[in-house]
Structures are given as structure tokens and as C-alpha cells.
Amino acid sequence: MSLMRSFQVASTALSSQSLRLNALASNLANAESVSGPDGKPYKPRQVVFRPAPILGEVAAGVEVASVTEDQRPGPLVYKPGHPSADANGYLRMPNVNPVEVMVDMISASRSYQMNIEVMNTSKQLMLKMLDLGRS
Amino acid sequence: MDRVAEFDPLYFSEAALRMRAYRQQILSSNMANVDTPGYKARDILFSQALREQLEGVAYSNALPLAATSDRHYRIGGSLPGSPALLYRSAIQPSLDGNTVDVEIERAHFADNAVRTEAAMTLLNGVIASRRMALSGNNS
């Protein structure tokens, strides 16, 4: 049944968007993490999407192609008393811009909601389809 | 058989519903890929797709029904045909090459959902009238 594919497509989008939300939450939570396990400041993660073909169908879902780390250095902050500060008293912060992350989060949550609606509509149509001829 | 099938409202409704479900699938994949870089929004031309379905053009490459006698029905394959997938012309394409416009997709999706329901109502009517004819008006 072709409408089932809509479910499949929407669910791939939901899982991809939730992974994106996870990455964003991690970025936001680590906005102040100046030394990770490797002693370096946290690098913001970014998920990259790509279309995921569904076997034997023209419709394409979406999948996460990769999770990349933003290699750009973060801003230097003057904090002489900090244990991770360098000889001149400067501290390398993670390159997380909270405003950027928030905006990205809104975009992700909107996409998530939209795909939920796709599922709801498809569900209603399928239920109607099951009732065909029953009157 | 073909001539009958062409004017059979059941056959027509079935083809219409099949194409509606097909389009639903295309539109949902557009919406799923709203954030995918380089993804191009697709759609079908519904009137053309339906006509092709009814005229059996879309069946021409599908598997035909195997017949062991000349007097068997000659019908096309029962595999759903695939109408031509077109690209939607972008009104405001984004820099990453994505041409999915959420508002347009949402509008088409809602439109398609309502029309699917309309097709189902029509099909229900056809089934109800046939049932009435079969039962001799005492249902």
C-alpha cells in the first residue's frame, strides 16, 4: 500500500531531525566546556542530511550522512585565574554560538512537527481507506 | 474488456486513489527532505498521470497477466505504473541547492489529502449503489 510509504518517509525524517536536535542540545550544553577528554575545547557537532532512497520506490526518505565537527577555533577569553588558561591568561572557549544553535533548533523542531502532521494525515487517510465500502 | 474498464467508475476510482497515494508519497518525501542540501522538490502532473493510468500507458512496461488461452482476459500488469516525476520550479531556492518550499509543499499536501478523501467518498458511493443493485433494494 502506497500510503504506508508516507509513514516510512516521515519516520526517516523524524529520526533524522531528532538526531539533529540531539546534536544541537549537545552543542548548547557544552557551550562552556573548555576541556574535553582530549584536553581541547568542545567542538560543536553538525549533522549532514542526504536523501535516503526507499527500496523499489521513487519516494526518498532522509538519513544522516555524517556528523561533522566544526573545526573553527572558538573565541579567546581573558580569564587569568582559570586552570585551563594559557601563559598569557587567555582561555580558548568552544565555538558555540547560542543564538545560532537556538535558531537551528527552531528549524529542526518545525521540521519535526511538519513530519508528524504528514504522519497524522496519512494515518487518517489510511483509516478512511480501511472503511471503504463499509456503509 | 478494456473498453468496459475504461468507463467503469470502480476502475476509475481505483486509479485515482492509486495516483493520489502515489502523490502523497512524493509530497511527503519532499517534506522529509526540507533540510537536505541539494534536494530538489519533485511532483507529478496529476491529470496526466491519471490519464496515463486509465489509458494503460503506464502499464505498457509492466508485467502482463500470463494467459494460457486466447479466451482469457487480456489485462495489463497489476504493478502500479510510475508516472513521470517532474521537478518543481523553485520560487525561492536556498543557497545549499534545496528547492523545497515548505508552504507550497504543505498546501499541495493538504490539497492532495482532501482530494483523496473526495475520491474515497466517490468510491464509497459507487460501492453503495452496486450493493443496492445487488440486494434488490431491501438493504
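Reply: Below we take the features in turn, starting with some ground rules. This is a predicted model, so local features need pLDDT of at least 70 and side-chain atom pairs count only at pLDDT 80 or more, while totals for chains, interfaces and linings use all residues. Residues are numbered from 1 along each chain as its sequence is written, chains are lettered from A and ligands numbered from 1 in the order in which they are written, and side-chain values use heavy atoms, with hydrogens and water left out.

Me: What does the secondary structure of chain B come to?

Reply: Helices (H or I, at least four residues) and strands (E, at least two) are DSSP runs, numbered from the N terminus. Chain B has four helices and two strands, and along the sequence they follow the pattern α-α-β-α-β-α.

Me: And how much of chain B counts as buried?

Reply: Buried means under 20% relative accessible area, exposed over 50%, and partly exposed in between (1.4 Å probe, protein chains only). Of the 139 residues of chain B, 38% count as buried. Take Arg18(B) in helix α2 of chain B: its relative accessibility is 18%, so it counts as buried.

Me: Is Asn112(B) buried or exposed, and what does Asn112(B) touch?

Reply: Asn112(B) is in helix α4 of chain B, residues 102-135, and it counts as buried because its relative accessibility is 0%. Contact means heavy atoms within 4.5 Å. Leaving aside neighbours within four places in sequence, Asn112(B) is in contact with Arg20(B), Arg23(B), Gln24(B) and Leu27(B). With Arg20(B) there is also a polar contact of 2.8 Å between the side chains. A polar contact is a pair of N or O atoms within 3.5 Å; within protein, one must be able to donate a hydrogen and the other to accept it, and residues adjacent in sequence count only if both atoms are side-chain atoms.

Me: How do I read the place where the two chains meet?

Reply: The size of an interface is often given as the accessible area lost when the parts come together. Buried area is that accessible area (1.4 Å probe), summed over both parts. Between chain B and chain A it is about 2,500 Å², with carbon and sulfur atoms giving 64%. Gln25(B), Asp35(B) and Met120(B) supply 23% of the area that chain B buries against chain A, more than any other three residues. In terms of contacts, 29 residues of chain B meet 33 residues of chain A.

Me: Which polar and charged pairs are found between chain B and chain A?

Reply: Nine residue pairs are in polar contact between the chains, both residues being at pLDDT 80 or more. On the chain B side, the largest share of the residues touching chain A, 12 residues, comes from α4(B). A salt bridge is a side-chain nitrogen of Lys or Arg within 4 Å of a carboxyl oxygen of Asp or Glu, and three of them cross this interface. One joins Arg106(B) to Glu117(A), with the closest N and O atoms 3.0 Å apart. In another salt bridge, Lys128(A) and Glu117(B) have their closest N and O atoms 2.6 Å apart. That pair runs from helix α2 of chain A to helix α4 of chain B.

Me: Where do Arg88(B) and Glu105(B) lie?

Reply: They form a salt bridge, with the closest N and O atoms 2.8 Å apart. Arg88(B) lies in the loop between β2 (86-87) and α4 of chain B and Glu105(B) in helix α4, so the pair ties together parts that are 17 residues apart in sequence. Both Arg88(B) and Glu105(B) are buried. Salt bridges that share partners join Arg23(B), Asp43(B), Arg88(B) and Glu105(B) into one network.

Me: Which residues make up the largest nonpolar core?

Reply: In soluble globular proteins, nonpolar side chains tend to be buried together. A nonpolar core is a set of buried Ala, Val, Leu, Ile, Met, Phe, Trp, Tyr and Cys residues joined through side-chain atoms within 4.5 Å. Here the largest one has 12 residues: Ala10(A), Leu14(A), Met114(A), Val118(A), Met119(A), Leu27(B), Met31(B), Val34(B), Tyr39(B), Ala41(B), Val100(B) and Phe109(B). Helices α1 (2-29) and α2 (98-130) of chain A, together with α2 of chain B, each supply at least two residues of this core. The most, three residues, come from α2(A).

Note on methods: Buried area is the accessible area (1.4 Å probe) that two parts lose on being put together, summed over both.
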